Amino acid sequence: MSWTKIKNFFNTRFGFFALLVFIFWLKTIFVYLSDFHLGVSGFYQYFVLLLNPIATTVLLFSLALYIRRPLPAYICSLLIYTANTALLLFSVIYYREFTDFMTINVIFGYSSVSQGLSSSSFSIMKPQDFLIIVDIIILLGLLLFKKIKLDPRPLPRKQAVATTSFALFFLLLNITLGEIDRPQLLSRTFDRNYLVKYLGIDTFTVYDGLKTAKNNQTRSSANSSDLDKIVAYTQKNYAKPNAAMFGIAKNKNIIVIHLESFQQFLINYKLNGKEVTPFLNSLYNGKETYSFANFFNEVGQGKTSDAETMLETSTFGLPQGSLFSTLGTDNTFEAAPAILNQQAGYSSAVFHGNIASFWNRDNVYKNFGYQNFFDASFFNTNSNNLTEYGLKDKLLFHDSVKYLEHLQQPFYAKFITVSNHFPFVIDKQNTTFTKADTGDSSIDNYFVTAHYLDQAVKEFFDYLKKAGLYNNSMIVIYGDHYGISNSRNLKLAPLLGKSSTTWSDYDNIQMQRVPFMIHIPGTTSGKVLNTYGGEIDVLPTIMHLVGLDTKNYLFFGSDLFSSDHKQLVAMRNENYVTPTYTVAGNTIYENGTGNVITHPSAEVKAKLEADQKEVSYKLSLSDDLNNQNLLRFYVPTGFTPVNPGNYTYKNSYLNLLNLEKALKTTSKSLWAQNGQKTTIDKYSTDAPELKTTDQDKANVESAKKKAKKQAAKKQASSTNASSSANISATIK
Ligand code: GP9
Ligand code: MN
């Protein structure tokens, strides 16, 4: 095509439109690659990334194609172009400050968690940002100086409609391509980074806007009387503390270890005669641990985040999507960190080696009242240190010490591991267990990553003992949800001594057991308990152990140690388990045999009907509570609503250090107890990633020693003393 032809094309309405689409596409891709950390890898993901700005740009810019008169048509297209550019530019600036994308609530200033853009945000603008806006000036110039002429002919209506239709088709194609690579991308909404990576900023913003509008509508119609049923139910569900257990862990630090995708069947399991998780087994079977053999995960699509929701708020995740992602930014919570802080003076922190925006944690934790959140940005995340979901577990525990030792005691600290996550891949250097041989690589490697996690937890425990934290802590360990999906269970069955031909929904539900262990050093009455319960029950159980009553809180779970605890485990899909029966839809299974009960006695039938009713009722009440954000109307006595604005996680480390300084000799951190010295030397790990650095350190140390010796010698032989100072200064 010759230059004149191109020029003539740009002088047409459609040509100008195509030019805008092209430049906008170009600058969006520029921004994707230069500013955002979207974690794009592989040909397919790059392909989707390159495509994703097209649909929405064509769709938006095509609106101007319907205007017949030239001047308004061109003005309209430039306005749309400028508005979309503004969104792009603000997204870049916001991302730089918060490593996240702006939601509709942030844009309109309704967000209680994020302040949005401020003048300080604009001070971090870079010269390259000029590239995002300079095209507008150039385009205006070209139009004003008639280098591009306004085309007086309106675009045939058919062509405009065809363009819009193309855009809609392309949008569908784009969503499909995204879903292929990330199933349930839209329904689960893991992370805003993922939505932008697959669907682009515009689609993300529109999607977020629709969700926000839906949420706001549900909320605005709610009022405090909607709470009545919930208060009545939770009061009835309340289980009074067991006197023998109440307060046995009073004032102890609470360390929660979240075992990623860890199922109960791994406990005490031997693969080819070798224990997969010897350390966790020793805890599970030991006298210092209350272990639960019939504890179930109750998560929905929000997986890890649902487990967190239940563990920290004793309310359920949502029937669809993740509560963290959909409601977590704006909801009011009465969650573990805030309760423990206000009622028992606990400080709090989360340690997790993934980016803060995953599952919207950066916002949710503020509403939970977490004082500190150490996410990937606080750790050395060079590629050798990472698995797909973040820092390898041995490194997470080891590298957290630097921060953990500065927390004021008692503390509530949660460690979220990631190495044992589907597809269960760990590099060769960390493979110290022989995998299984089912032919399904994710099942086979599950044992390898679980073994790695077991070692990581052991190393951490050893450190806790050596550093002097152990005796003063209660360590809560739990598996968040299944690692092996129902569809893969058939392949796993033979390893469990079962047959894949007789495998049923009963077995699938039984497989939802996850470990739950409460390890209290010094206790001698620990044992394996058969009480049926689930993740929803953890918070009231823990609160009672540290001597805090739960009567005033709207909790859907109840204390597992209480004689009032009802052993009725509700799954998120309304299936349920009791000590005698497992119910999946309309099918009743007898526990133990797995036999289907086709003709239950009238008594059993009535009991199960009542149980089913209760399960559905309690799930729906929890959904009402969260969807309508009803806790904003309910302030328990002695509780002050959380102000998320109090927390800025970027400064977590600095805040700890400043507090340490301010408290001087009254500081209750481990660091202070250790004579204001780090305790990291008490951590031994065999993590190969740290070996080189250890070696480097050792080399530096010996070089220092050598230099000192030499300097001393020199000094002794009365040569110039300053050279020794020079040497030690350079070596430092
Ligand atoms: C990521 C991790 C995984 O940060 O918590 O979440 P999951 O995929 O298990 O829900
Ligand atoms: Mn998980």
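1. Let's start at Y470, which sits in the loop between α18 (441-467) and β10 (473-479). Helices here are DSSP runs of H or I with at least four residues, strands are runs of E with at least two, and both are numbered from the N terminus. Y470 counts as buried because its relative accessible area is 9%; buried means under 20%, exposed over 50%, and partly exposed in between, with a 1.4 Å probe and protein chains only. Also look at K252: its C-alpha atom is 9.6 Å from that of Y470, though the two are 218 residues apart along the chain.

2. A word on what you're looking at: this is a predicted model, where local features need pLDDT of at least 70 and side-chain atom pairs count only at pLDDT 80 or more, while totals for chains, interfaces and linings use all residues. Residues are numbered from 1 along each chain as its sequence is written, chains are lettered from A and ligands numbered from 1 in the order in which they are written, and side-chain values use heavy atoms, with hydrogens and water left out.

3. Now the overall layout. The protein splits into domain 1 (3-219), domain 2 (241-570 + 635-645) and domain 3 (695-732), with bounds from an automatic or database domain assignment. Between the C-alpha centres of domain 2 and domain 3 there are 49 Å.

4. The unreviewed UniProt entry carries the annotation "domain: Sulfatase N-terminal" for residues 252-547; such annotations may be inferred rather than shown by experiment. That stretch is 34% helix and 19% strand, and its end C-alpha atoms are 11 Å apart.

5. Next, find the second largest pocket: 15 residues line it, and K214, L318, Q320, T326 and N627 lie nearest its centre. α10 (192-220) and α9 (185-188) each give two or more residues to this lining, with α10 giving the most, five. Domain 1 and domain 2 each supply at least three lining residues.

6. Which helix has 26 residues and reaches 37 Å from its first C-alpha to its last? That's α22 (residues 602-627), and its reach is close to the 38 Å expected at 1.5 Å a residue, where the expected span is 1.5 Å times one less than the number of residues. Among the buried residues of α22 are V604, L608, D611 and E614. Just after α22, N629 takes a positive phi of about 50 degrees.

Definitions and conventions:
1 Å grid on protein atoms, 1.4 Å probe; cavity = no way out; pocket = protein on both sides within 12 Å on 5 of 7 lines; lining within 4 Å.
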